[in-house]
Amino acid sequence: MKNVLQIFKFFYKRFISLGLYIKNIPILYLSLFSFLITLMSTQLYEGIEIYDKNIKIFTIFLLVLSLFFILITLLIYRNVSHSVKEGKSNPKVYVQLLFLAVLLLSRLFISFIKDYKIIKNIESFTSNFKQQTVQVLDISKSKGDIQEIVFEYKGVKGVGRVNWFENLKIGNMCNTYMEIEEPENFEDFNYVRYLKNKNIYLRSSEIKIESCNSEFSIKKLSDIFLWLKRNLRIFREILSKHVEKYLPEPQASLLIGILFGSERAFSEKFEQQLRISGTTHIIAASGYNVTILILASNKIFNFIKKKYRLLISLLLIWIYCILSGLGASILRATMMGTITVLALLSGNVRNTHLLIPSGVFFLILLNPRIIFDIGFQLSILATLGLIYVLPSIEELLKRIFSLKNVPQFLEDNFLGTISCTLSTLPISISIFGKFSLLSVFANVLVLPLTESTMLYGTIALVSSFILEKFSIYLFSIPYIQLRIFQRIVEFFGSIRWGYIDVKTGWIGWIVGIFLFLFCIYFYPLDEENYYVKRFKDL
Amino acid sequence: MLKDLKIFKILLSLFWIGLGIFSYRANYQNERVIFFDVGQGDSILIQKGDFEILIDGGVDDSVVYKMGEYMKWSDRVIDVVVITHMHDDHYGGIKYLMERYEIGVFLLSPNCGDLCKEFKEYEFLEISQGMDIEHEDIDINVLWPRVGSLDKNLNNDSIVFLLEYLDKKILLMGDAEMEVEEIILENYGLDITNIDILKAGHHCSKTASTYEFLKIINPDMSICSCGEDNRFGHPHKETLDNFRNLNLQYYITWEEGDYIVE
């Protein structure tokens, strides 16, 4: 009994110190606040939108939102002015906070008004089968016999399917024959929201292209971005074609996925095995590639000053991001990477704790709907796992085996993966209803291999442009590595009990709460965490 | 410690390079015929070392993955591609293959006309009844079609041939239906008795593989190349009944996957 009481006391103390910690750092406040307000207001907005598209209700909603903001600001003002009087904090902080809050409010306003305008007039955008002129904004050639495009019609974005062999380029104005409709939800998937998160409001199941104007001229500011995307895609296609020329499937698609994170198609069976073994993230552009790039560039350039080294890695991750086509997920990862590098540049170790909150706040400002994006949620959780769960696990191990330090290779290859898997469990259980038991083992085996494949693959690909005849020999190294990769995925992917169905979503929440308590209990507050340690000796 | 790490890294790179060279130079002695499971469609690969004959390519890109699985990785040339007739469940996948592999020569039906003009832009050969194609111990006798269409049914323009390879007689019917079966029996009755493996015509539809035909050719194994829950209902019950009544074994690709003859 006494013991239980002590544990409670301990948790309570840790809670309080956590609260104080957050209070001392305004950005934590702000990001928590921005997350909650975006979540609440969007939910509320969607509620009234389904109820009625009435302009009066919409105006009242906006008014209530602003009132709420004012209330919160006043509350913070009272708090801050109190501590300013006592000389504890700087009045400048208040001004900064106010500025950011206004920025957030206006961003939310803009997104709601824009959305309302489209939803209100959605009927004017839909039509039966007829001739339409649309602009191609994005193309993904992932599935066998179709390519999926994002198009713009009268200023509104839509998705549609086009024949695989249609030679399209981003930015093309195309005369098409198509039916445009409103997207509808699937039985167990909120498709409308999923598309809305990407700013997409229309859908067309089959687009017949009649002719396309392949010339592209920059008329407005947003065209520059489109132009960049267009040419990058062309460049990436050339590189992919080269890989496809030298490697068979699935090795070609694996290499292209690992190098540029392009979405690729595999045979149905292999795709399922990738999913079951929990290795899909490796072949998608993600935070993982960005982390590898930062670490590798620092290793390669370790003869120059740290400051310049970090700047080089900053440049590299942006080049990578641009090369992989400026997709939403890689853009997000690169932003997080950038904030990491900037924190390291500033030299303040404590800043790592601020990475996620400032990243979250920044990304919400860019697109408030991002918080509903599952990819975003997963990557945030994975990063949280590396910063908080990993040190906690290490602390636990140290206590159990009374170690001074956890061996580096264990940390690099095993514990990191475990932490990421654990910390993403709440979402993967409550949303997908499934989780992969074996993903830790599959990842532990595959990840070191992937790093090496990135290197040899790049060498082979570059050489294939210079020494055409010789490069087949160079491709043999990434080939054999990817063959091993394939075997590992096939092995772990074909174990039946590897994929566990969890029907009850609340188990995810229980796991989440458990992890939270686990971290509060074990996190070594005064020690440096994984991220810092990995980057410190650069 | 640091030195050890460097040595380890050098050894690791050497290991990868060695393994790479090994994979490139590894001898590849494969003599086999594979009936691919490519969904609703046909695709059959005849392999001897790094010489390949591909008969049809299924409807979608599945054949690309199959070729990746069975061909030697550094071999980027498919020597011969036969397109039995111009239905997309037979030539659809070939277009995906052409984006990745070099193709030696196309063998086409003489009656395909404009339908196959996109393949006629490459090296091609029209093959018809009576022709004989040989490569080492692979022997192909073309039994059908003759020049000039039989009827309006494109399926009856299918290239049909008897393959003799690996000491086995393999009869590949394409999509040919009972009208063609009758003519073939008339012309080649004796040559096509006691067949080892039959690729049953038209994905085991009831319009092909008649009782009489099966009774005469008496195959040890018949293969139905069709996809799960396809909209045509292949393989038809009538055809499967024919197999059962004659006590013949049959193999359905979507149920059991690729069928390999070695």
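Me: What relative accessible area does Glu126(B) have?
Reply: Glu126(B) is partly exposed, a class lying between buried (under 20% relative accessible area) and exposed (over 50%), with a 1.4 Å probe and protein chains only. The model is predicted, so local features need pLDDT of at least 70 and side-chain atom pairs count only at pLDDT 80 or more, while totals for chains, interfaces and linings use all residues, and side-chain values use heavy atoms, with hydrogens and water left out. Residues are numbered from 1 along each chain as its sequence is written, chains are lettered from A and ligands numbered from 1 in the order in which they are written. For Glu126(B) the relative accessible area is 34%.

Me: Which residue forms a salt bridge with Glu126(B)?
Reply: A salt bridge requires a side-chain nitrogen of Lys or Arg within 4 Å of a carboxyl oxygen of Asp or Glu. For Glu126(B) the closest N and O atoms are 3.4 Å apart, and the partner is Lys120(B).

Me: How many residues apart are Lys48(B) and Glu136(B), whose pair links distant parts of the chain?
Reply: Their side chains meet in a salt bridge of 3.8 Å, N to O. Lys48(B) lies in strand E2 (residues 44-48) and Glu136(B) in the loop between strand E7 (132-135) and strand E8 (138-144) of chain B, where strands (E, at least two residues) and helices (H or I, at least four) are DSSP runs numbered from the N terminus. Lys48(B) is buried, with a relative accessible area of 14%, whereas Glu136(B) is exposed at 61%. Along chain B, the two are separated by 88 residues.

Me: Which residue of chain B forms a salt bridge with Glu244(A)?
Reply: The closest N and O atoms of this pair are 3.6 Å apart, and Glu244(A) is buried, as is its partner. Glu244(A) lies in helix H6 of chain A and the partner in the loop between helix H3 (88-98) and strand E5 (102-108) of chain B, so the pair joins two chains. Glu249(A) also forms a salt bridge with this partner, with closest N and O atoms 2.3 Å apart. The residue that forms the salt bridge with Glu244(A) is Arg100(B).

Me: What share of the area buried between chain A and chain B do carbon and sulfur atoms give?
Reply: In terms of contact (heavy atoms within 4.5 Å), 27 residues of chain A touch 21 residues of chain B. The buried area, which is the accessible area (1.4 Å probe) that two parts lose on being put together, summed over both, is about 2,200 Å². In chain A, Phe165(A), Glu249(A) and Ile480(A) lose the most area to chain B, together 23% of what that side buries. The share given by carbon and sulfur atoms is 65%.

Me: What radius of gyration does chain A have?
Reply: Chain A holds 18 helices and eight strands, and 48% of its 538 residues count as buried. The radius is taken over C-alpha atoms, and the globule rule is 2.2 Å times the number of residues to the power 0.38. A compact globule with 538 residues would therefore have a value near 24 Å, and chain A agrees with this, having 25 Å.
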